Structures are given as structure tokens and as C-alpha cells.
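Please look over the sequence and the model first.

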Amino acid sequence: MARFLPITLLLFSACGFFAPVCSHLAGFTSTVKPSVVSGEDLTTKRFFFARVSNATEVPTIEFTTSYRKSTAETTTERLTGKEGRKLVRKVPEMEKEEEGLLELECPPLGLESLRVKDTQLSASSYKRRGLGPHRGRLNIQSGIKDGDIYDGAWCAQYKDKSQWLEVDAQKLTRFIGIILQGRNSIWSWDMVHTYKVHFSNDTLRWKPCMNGSKEAIFEGNQDTETPVLALFDTPTVARYIRINPQTWYQNGTEGDICLRAEVLGCTLPDPSNVYTWQTEPTESKDKLDFRHHNYKEMRKLMKSVHDKCPDITRIYSIGKSYKDLKLYVMEISDNPGKHELGEPEFRYVAGMHGNEVLGRELLLNLMQYMCQEYKRGNQRIVHLVKETRIHLLPSMNPDGYEMASKKGSELAGWALGRYSYEGIDMNHNFADLNSVMWTAIELETDRSKLINHYFPIPEQYTSEEAFVAPETRAVISWMQNISFVLGANLHGGELVITYPYDMTRDWAPREHTPTPDEAFFRWLAAAYASTNQVMSNPDRRPCHNKDFLRYNNIINGADWHNVPGSMNDFSYLHTNCFEVTMELSCDKFPHASELPIEWENNRESLLVYMEQVHRGIKGVIRDKDTKTGIADAIIKVEDIDHHIRSVADGDYWRLLNPGEYHVTVSAEGYFPSSRTCDVMYDHFPTICDFNLTKIPRQRVKGIMANRGKLPKDHQLRLRQLRMRKLRITTKAVNRRRAAAAAKLVKQV
């Protein structure tokens, strides 16, 4: 079915002022038109004849590219030239999309990733501060209010052809292309249709790109969000580059000159720079596989890590995506495949939004790093591996990633690949247990009957008709099977750590909505943010439309924006696991050249956060007489209205800040037991074991005589029943999908 507008490539000729014009393309520029394609047509390669731009009278050649798999060794391109004659050339098989995403000769300078500083951007004019040149960055997002200081583009003050946006590369750079977008705004529709490009070494003398005897005119955007890539036929060496709009969307007389951009170029070595140690590092000291990995490459890398460290790793799958791609997990432990008594379970999940790819690559780097350092005897890593059972899920939404990766890091835009193949945002797809809790609080007059943990999944969520992604179902089942203590959900597009609750109580757009464990969640968030090299930089600028430096780079999720059905809230209310969201980069899909430094920015933070699983108290709850572990015992901490439960062997972990706590444990058929537990600032938990005494038989008989039966843990029973039903319906949905797929294959 038709699903997406493909981001198309704009290929045009341009000449630098140090190189002659390419004569065989003289008289031509190029443009692109997005087109809707079906799932089968997503790989079709088509070329359309160009038209003449009314604005410039310069003839253009127009390429619209999508792709189709072919068994032929070559494909023939057919273009129609200005005189109506056919131009034919052979395209080698290696150029086809199925060989991988488009490889650009030079990386982006870093307007989107903020590597290019605000001081390197200037303009002929701008309407106001919120539309200044510093806002002319690819994929930058605007604020909600019209007139916000964080608007979604550079917009010129005047509406004439003399306006420009200038980028200072600070060094001689071999410019190879430009990517252009329109203005991001819910109130305005502004974009540049055509533009010129100029170069300079001193900002005094400017050389235009020539098109024969005329200045070249390049086609820009036809909508505000689709990135349009322009690759120069002749790269140009210079320090400064200007984008000079020529025509734009008029909108009567209301249209403004607005654009967002990225510049592609290779910085040339400076032989006069004798202070090379002062330059910003671009590499990592760790020898890891720094590149983007598609599904097959990810699977291959995970296998290679397992082959190198078979004694401490295990690869397993928790389910499949809608397109039948397995959701692979790497387990790292000194006893993989088995829960050890007293050893906490930890998880990192990345790629919930398929186009937010940094988390995926960081987890692949992390598993490589831990394998290497364990073999080298790094005591910090050895301790983590021996004392923690670590689970890394690098791609929760592999279908979305495959969609985004086919366009590449700069051309995927802001949303392509975010959702599942079915169009589901998985961070809104978990059961809304917040509403269940708050409704119960409003209706129940006897507060002793209220529950505050292990909320059962609502009945309607477990049906076959429920709009629940198979990936979400798989993760919920995973949460149920493994008693996670701590986790984190890796995202991209901002630089901030958010903690529950993510949903506001009264569906307000944003409102601080704390959990009973607010203090510890703030500790967790600060542990990551304060050790992250970018977040902890006091001089960094905001990514998009909110300055999180004011909040020390941590914020309550609901105080940022309302997110019902989030994984963080579900994890907190349905399981024992505490979880936060980590927004790790302004750029959702960083270029491969930026991955080494992103690893350096996040390596320490990833390790420090994992170590927080050993904060608080832990112990084993046993039967006093038989010494066997008691499962599902309730652990209550005085003055914190959120309980947890022991797991199958009777062991438990309660994450707490340093302090003195009065803890009470109760279990069905046993007398409650209480004690005081002191949590220190040490990097290991306080041991608080409990031995429970069974209710005497005479007491049981008395209870049965008065009530007719023993008291039952109805909350636990209902939770187990709903999970069982969810698994049954998941199997039914999977069978139905498999039957439909088999039928389709048979028809084909």
C-alpha cells in the first residue's frame, strides 16, 4: 500500500571559482519531485524529463529517484535533452539502492548536529531573533507559540533576491553539496523554491556558481519538511559559502524567505597549523566498529562479539517485528542464560523510534567495548559483568530503522522511520496504567484498598483487535519473563534525561507529575546527565525549542510534554523496574563520521548509569522454617507509596537514595516482618534479608471460619490472568499474519 513520500535526490551541476564549468552539463541545473510509491515500488528507479523554471528561464533537468530490484546486470537511464533527443547511459549494478544507502564523498559540516557554532552562521537580514541565521539548521524544530524565540528556520527580513544565509567553515573546505528544507512551523508555510550558491575566501570577493554564461539556479523545496540534496558536479574549495534564494513560496503577499540547511564538505588539512593538539577530537581511542549497521550487519556484529566472548555473552530473540525481523538481545553476564540469586537484571533498549539511531549504535559499541575490556582485565567491567546481568536490545523497531536508513543520515528528515511499519508510535503504545491508577484513587474512599504497583493490564488491551504493535507485545512479555530492576530507553533529537511520570494526570499539555520515587529518579537522571560530556557542557546551546540547561539537563517527562502509554510509566506501574528516557543527541540520525565522538560523549555515562542498579537495598525473603525463597512477597518502604515484589527465588532489589528506611515485608500466608535498613553512599547495596513465619494452622482455621476462605492476592491473580490472555492473543495475531502472508505469496 502507498505509505511514504520518498526523499529524492537533487543532482545539479555547479562550478567552483577554481575550476572550469563542466561543458557537457552546461545549460542545465536539476530538481526533484517527491512521489508516492507502493511497498513493491519502493525500490523502483525512475527518471522524469525536466521542465523550464518560470522564475529563471534557465532550463533544468529533473531527476526523481526511487528504486526497484532488478536481475539485470545493468539498468538503462533514459533522459530527454533540451532538443528532444534521447540520452542513454548504463548504470552499473553497484549503483543500485539495494547495495546500501547513498555514500557521500564528504560529510556534513554539522549545522544539524551543532558542530557548526552559531557564530559561524550569518545572514543578510533576519525578521527577529527567533528567525536568525542560527536557526537555519537542517531539521531544527520550532516552538509551539508563533513568534517564539525558538522558531523553525532562518527567515530574511526583506523579500528580495539579495538575501543570503552564510556559513563560515573556518578552514578551507572542499564543498560538494547542500541540503535544503523549508520552515518548520505549525503557523506558517514558507520555503525557498530556487536559489543560487556563492563562494568566498575572505567575504569580500564572491564567486557565483556559473551555468555556462549565466549564474546557476538550483531548485529547492516544494514542501517544508522534505530534505532536498544537491550534489555539485564540480566541488569547490573555499572557506565561506552562501545560499542566495531567488524564488520562494509567495502565499499571496505573506510568504517569507525561509530555509533550513546543511552543507556538505571535506575540511582540508592546514599546513600552517602547528597547534594540532588544540583541534577538537574527531576519533575515539577505543577500537570499535564506528559505522551505521543495517539489520544484517547488526546481527553479524552481535555474533562476532559473542564469538570473541562466548563465556560472558548470549544472543537471544524476544520476538519479531511486523516485517518478521527478529528483536535480538545481547546478554552480558558471567553466567549467561541464568538468573543468579541476588544479581540484579539491567536493560538498555534503543531504536524504539527507528530513525533515532544513535542509541542503536551506542549499544553495539557498548557490547564490543565490554567484551574487549573484560578480556583485558578492566576491573570496573569485570565487576559489572560478575555482579550484574545486563541485557542490550539495540533495535526495538527494526522496520522503522530500515526505512530511515535507506534515505541516509541527512535525508531521512525528522519523522521517516519513527513509527512502526503499521504506523504505531511505540512510546504511546504500552497500556495506560496511569489512568487506571488515578481513576481508582478518585473513586475509592478506603485508601487501604488502593494498589500502587503491579497494576494489571486493562482487559481491552489484551484482545486480538487491540491496536498493539507486535514489537510492543514482545517487549511486554520480555518484561514479564525477566525481573528487571533498572533500565533506560535510548532516544534522539534532544539532549535531556526524562523520568516518570511521562503522562499528566488531567491530560494537560505539560505539568510536573512526580512518582513516589521522585528523589531517586532525579538521582538516576542526574547520574547520566552529569557524566555526559555534551550535556554537562555549560556553554552548549539548546538543540531545538527548549533550554534544558536551565533544568540541569533532567526533567520530569510530563513536565516536558504529555506522553500517555509510555514504556517508562508502564514499566514502573506494572513491574519492579525503574526506567528513564535518554535523549542523546540533537541530531536523530548523526552522520557516521560523528559516531566516534558520540561514543566518547556517552561511554562514561552508559557505565555510570548501569552501576546505579547496585544502589539501595537488596536481599532474600525466605520461609523461616524451610529456608526456601518466597516469591511475590510485597516489600514496603515507609513514606514511599510504591511497593515492589520478590521474584521467583525470593530475592528482591529496592532502589533507594542514601538514608535510613523502615521496611516491611508481607506475603500471602505469612506474618509481616519489619526492620530498619540503612543505605550508604557506597557503590554496593545494603543487604536486608527477611525470614517470614507462616500463619499457624489454628489461626488459619479461625480465618477460614470467619471468612470462609483464606485471603487471596487478587491483584496478582488478575495481573497473571491478563498477561496470559495477552500472550494468547499475541499468538493468534501472529498466526493470522503468517496465514495472510502465506496466502499473498501463494497468489503471487
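Predicted model: local features only at pLDDT ≥ 70, side-chain atom pairs only at ≥ 80, totals over all residues.

Residues are numbered from 1 along each chain as its sequence is written, and side-chain values use heavy atoms, with hydrogens and water left out.

**The annotated site**

- An unreviewed UniProt entry places the feature "active site" at E583. UniProt positions follow the numbering used here, feature names are shortened, and annotations may be inferred rather than shown by experiment.
- E583 sits in strand β23 (residues 578–585). Strands (E, at least two residues) and helices (H or I, at least four) are DSSP runs, numbered from the N terminus.
- E583 counts as buried because its relative accessibility is 9%. Buried means under 20% relative accessible area, exposed over 50%, and partly exposed in between (1.4 Å probe, protein chains only).
- Leaving aside neighbours within four places in sequence, E583 contacts H491, G492, G493, E494, L495, V496, M535 and W560. Contact means heavy atoms within 4.5 Å.
- A polar atom of the E583 side chain lies 3.4 Å from the backbone nitrogen of G492.

**Helix α3**

- Helix α3 spans residues 379–387, and its I381, V382, L384 and V385 are buried. These residues cover an arc of only 160° around the axis, so they lie on the same side of α3. The arc is that of the directions from the helix axis to the C-beta atoms.
- The cover over the buried residues of α3 includes β17 (326–332), α2 (358–376), β19 (389–393) and α10 (595–611).
- N378 caps the N-terminal end of α3, with a side-chain oxygen 3.0 Å from the backbone nitrogen of R380.

**Aromatic rings**

- The whole structure holds 21 aromatic pairs. Rings of Phe, Tyr and Trp (its six-membered ring) pair if their centres lie within 6.5 Å; planes under 30 degrees apart count as stacked, over 60 as edge-to-face and the rest as tilted.
- F430 and F570 form a tilted pair, at 5.6 Å centre to centre and 40° between the planes. This pair links distant parts of the chain, 140 residues apart: F430 is in the loop between α4 (398–405) and α5 (433–443), and F570 is in helix α9 (residues 567–574).
- F430 is buried at 3% relative accessibility, and F570 is buried at 1%.
- W438, Y501, F520, F521, Y572 and F578 are linked into a cluster by ring pairs.

Definitions and conventions. Polar contact = N/O pair within 3.5 Å; in protein donor to acceptor, adjacent residues only side chain to side chain.
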